[in-house]
Amino acid sequence: MPLARCEGIVIKTYALGDTSRIVVVYTREHGLLKLVAKGARKTPSRFGFALEPLSRSRFVIYHKPDRDLHLLSQADTLAPNGSEIADLARLAHAEAALELIDRLVWGEEPHAELFDLLATTVESVTRAPLASLGAITIAFELQAASLLGYRPRLDACAACGGGLSLRRVFSPAHGGLLCDRCAGEPGAVLLSADALAGLTLLLSRPVSQAGEFLEVQQAGEILKVVEAFLRHRFERFQGLRSLELLRALASDEPKVSNPCPA
Ligand SMILES: [Zn+2]
């Protein structure tokens with residue numbers, strides 16, 4: 001069996017029998033991998049933090065190209081991101097990034113740019129000011145969809161290619177702005193000028209800077225449009241459950257300093 005080395009971010013884990021674990025990892029070299037980690041549920045585990053969700057780790061695996069599961073030989077932690085997060089809002093946004101990858105990506109298809117985007121996003125969510133988290137998450141959603149071939153069209157009508165309506169009509173179903181003739185499409189929404197400007201910036205600027213140019217009020221408007229757009233484009237996307245929990249907590253407990261924008 002060929003030994004392969006790769007670097008990845010742990011998406012989720014499940015128990016396997018009494019002592020082992022299945023670990024789902026988004027890797028730079030192979031895309032989404034499912035690894036069998038024997039003995040990972042023993043305490044203390046020989047893997048340390050390397051298999052915890054959000055950790056960025058280096059793996060040595062027995063990679064069998066035609067198999068769904070691969071045996072993990074060794075794992076070393078590069079960044080134990082999850083263990084460094086003490087704040088609930090931060091944790092929810094970090095988990096939202098993992099959830100999005102889990103919903104948008106399928107199988108062992110490497111995509112180095114998407115891996116780098118995920119790594120930067122997890123790092124940003126761990127360190128950015130709390131008020132920036134909503135903007136970082138939306139920027140990640142938009143940029144991940146773009147890298148997977150679904151960049152929202154903002155330069156011409158997404159339905160017919162014609163000139164854009166001055167009313168800023170966005171169609172989640174067509175994945176972009178519309179012209180006046182197509183503006184009657186069901187589900188199309190009118191964007192404020194600020195929201196459109198925010199959307200444009202979130203698509204083009206580094207995720208780590210997203211909080212610097214987006215107000216929380218615009219983030220709510222943009223998040224709704226972006227999530228409707230993702231639902232149309234990705235069958236397995238049904239909104240980010242990690243953020244729903246945060247919203248529920250925020251409405252119970254006004255002290256949470258950074259309720260998710262919506
Ligand atoms: Zn049109």
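Start at Gly239. This residue is partly exposed, because 14 other C-beta atoms lie within 10 Å. (Buried means 20 or more other C-beta atoms within 10 Å of the residue's own, exposed means 12 or fewer, and partly exposed is in between; C-beta atoms are placed from the backbone.) Gly239 sits in the loop between α6 (216–233) and α7 (241–252). Helices (H or I, at least four residues) and strands (E, at least two) are DSSP runs, numbered from the N terminus.

What does Gly239 touch, not counting residues up to four places away in sequence? Glu227 and Glu244. Two residues are in contact if their C-beta atoms, placed from the backbone, lie within 7 Å. Arg103 is 136 residues from Gly239 in sequence, yet their C-alpha atoms are 9.6 Å apart in space.

A word on the model. It is predicted: local features need pLDDT of at least 70, side-chain atom pairs count only at pLDDT 80 or more, and totals for chains, interfaces and linings use all residues. Residues are numbered from 1 along each chain as its sequence is written.

Now step back to the domains. The domain assignment gives domain 1 (3–83) and domain 2 (86–252). Such bounds come from an automatic or database assignment. Over C-alpha atoms, the centres of domain 1 and domain 2 are 28 Å apart. Contacts join 14 residues of domain 1 to 16 residues of domain 2. On the domain 1 side, β1 (3–16) and β3 (31–37) are the elements that give two or more residues.

Next, the barrel. Five strands close it in the order β1-β2-β3-β5-β4, with mixed pairing. Two strands pair if DSSP finds at least two bridges between them. Neighbouring strands of this sheet are turned by 50° against each other on average, direction ignored. Strands β4 (residues 56–62) and β5 (residues 69–79) pair in the antiparallel sense over seven bridges. There, Arg56 has Ala79 of β5 as its bridge partner.

Helix α2 (residues 88–104) lies across β1 and β2 (20–27), and runs at about 100° to β1. Helix α3 (residues 112–127) packs on the sheet and touches β1, β2 and β4; its direction makes about 60° with that of β1. Axes are lines fitted to C-alpha atoms, for helices over the stretch in contact, and angles run from 0 to 180 degrees between N-to-C directions.

Strand β6 (residues 169–171) joins β8 over two bridges in the antiparallel sense. Val169 has Leu190 of β8 as its bridge partner.
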